[in-house]
Amino acid sequence: MFVCRECGAHAPRWMGRCGSCGAWGTVNEQLPASVAPIRAGAVTPVRLGDAGESPAPRTGTGIDELDRVLGGGLVEGSLVLIGGEPGIGKSTLVLQALAHMSRAGDVLLITGEESIDQVRTRAQRLAVDCEAVGVVAETSLETVVAAIETLRPAVVAIDSVQTLVSDAIDGAPGTVTQVRQAAASLMKAAKTTGVTVLLVGQVTKDGGLAGPRMLEHLVDTVLIFEGEEMRSHRILRAVKNRFGSIDETGLFEMRARGLESVADPAGLFLDAHRGQVGSCVFPAIQGSRALLVEVQALVGHTEVVPPRRVGVGVDRTRLAQVIAVLSRHAGLRLGDQDVFVSVAGGIRALDPATDLAIALAIVSAHRGVPVAPGAGAFGELALTGAVRPVGHAARRLAALAAQGFEIAVMPRTATDAVPESSGAPRRAEVDGVTQALDVACAR
Ligand code: TYD
Ligand code: MG
């Protein structure tokens, strides 16, 4: 078998240039692993009904928003990958977590990216006491695994997986084969020793090579750290979690003394200038919490055929559907109009409940009329133009109430699903999209 060490593609024969990624001189022969002979009768199934081991204990990281995304702390012996672009704050997050956890047990930071002095400088900036954190500057995978096996810290963090090199395979650090080998060896070390491993992974701007997605199937949990360079808040989300939900979002703010959890983010993503044309507030549900977000739209004449439909933070297919429903059922002429829709602040609102807010934002932009002041909207749009009920109506209403919103444009929802409460917004229940427009965005 021949394998490209850049992209991992397999080929039946040697090639000077990889047929898959186009890199030169990267294809090498790889001998098949020897296969152990099959032993008959060696397999004894376990019945799921039989009592098993109790679930592995979790350790709190001392960082509320990180624990939230992990599903209540780090599971012992798990391998967690934290990915993000350079400069987003991965090293800061990891060092803060280690500092907190060093109060309860031994923690180790393996740094391949920065010198120990650079780590010390960061530690001095942070509000949390890092004195008990052990640091090793090392890039050899075999040495790191040996250190985990002999020192047996409670938690080890490796910053970053791209800097590790294994002697067992050739290829420069950061190449696909090296990174995979590192993740696989560390996973094995975590499972055999019970040491929890935090793995930092660099993601390039184009989401590129050796990114966390490539390691997704190898590790227990993948967290992605995102944010906009110009703004100080950061968003942590799980794209895979064997020990928790992936609906939760962690919110942080980068301050002078490190990352701070944002405890009450309900109104964080609302623009101070709300009430503008092309903007509609949507109460989004993110795991155990509700967030008010602003859906923004820009509609403008274009000569481009077909016109552009660009969505950021919304589902593209749903955006196309909403536009089709508005054209067919609300008489909007968008055939020669570009439509841009985005959710402010880098938040994702992908669920169908966003439809109605998207529709109102687009109509507002198209008509040049702001959405009714004090109004928020949620509901799914059917292709027939009907507004369909969605989950969590009560939580959405409560979130709007907490921020002082007066009107909720929403689907008809059984009264017992939504307990009446004081300060709750007036419920403008609508059956169809045209009725919603009459209520919230009349010319
Ligand atoms: P860093 O954690 O090094 O990012 P990554 O490991 O993802 O590349 O830090 C990112 C940025 O955060 C860095 O440019 C400086 C800034 N920063 C602060 O604003 N406050 C702080 O306390 C620290 C440690 C960093
Ligand atoms: Mg770093």
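## A quick tour of the chain

Among contacts in the chain (heavy atoms within 4.5 Å) between residues at least 6 apart in sequence, 67% join residues at least 24 apart. This is a predicted model, where local features need pLDDT of at least 70, side-chain atom pairs count only at pLDDT 80 or more, and totals for chains, interfaces and linings use all residues. Residues are numbered from 1 along each chain as its sequence is written, chains are lettered from A and ligands numbered from 1 in the order in which they are written, and side-chain values use heavy atoms, with hydrogens and water left out.

Here are the overall numbers. Helices (H or I, at least four residues) and strands (E, at least two) are DSSP runs, numbered from the N terminus.

| Item | Value |
|---|---|
| Helices and strands | 10 helices, 23 strands |
| C-alpha box along the principal axes | roughly 70 × 55 × 55 Å |
| Buried share of the 443 residues | 49% |

Buried here means under 20% relative accessible area, exposed over 50%, and partly exposed in between (1.4 Å probe, protein chains only).

Now for helix H4, residues 141-151. Its buried residues are Leu141, Val144, Val145, Ala147 and Ile148. Looking down the axis of H4, you'd find them within an arc of 155° (from the directions of the C-beta atoms off the axis), so they line one face of the helix. An α-helix has 3.6 residues a turn, so residues three or four places apart point the same way. The buried residues of H4 pack against strand S7 (107-111), strand S9 (155-159) and helix H5 (176-193). After H4 comes Arg152, with a positive phi near 45°.

Three strands make an open, antiparallel sheet in the order S2-S1-S3, where pairing takes at least two DSSP bridges between two strands. S2 (10-11) and S3 (27-29) are the edge strands with a single partner each, so one side of each has no neighbour in the sheet. S1 (residues 2-4) joins S3 through three bridges, and Phe2 sits opposite Glu29 in S3.

Two more spots are worth a look. Leu298, in strand S16 (residues 289-301), counts as exposed because its relative accessibility is 55%. Together with Val310, Val312 and Phe340, Leu298 forms a nonpolar surface patch with about 330 Å² of accessible area. Thr413 lies in the loop between strands S22 (407-411) and S23 (426-430), and at 14% relative accessibility Thr413 counts as buried. Neighbours within four places in sequence aside, Thr413 touches Ala393, Val418, Arg427 and Glu429.

Methods:
Patches are made of residues with over 30% relative accessible area and no salt bridge: like charges are joined within 9 Å, nonpolar side chains (Val, Leu, Ile, Met, Phe, Trp, Tyr) within 5 Å. Accessible areas come from the Shrake-Rupley method with a 1.4 Å probe; for residues, only the protein chains shown count as cover. A salt bridge is a side-chain nitrogen of Lys or Arg within 4 Å of a carboxyl oxygen of Asp or Glu.
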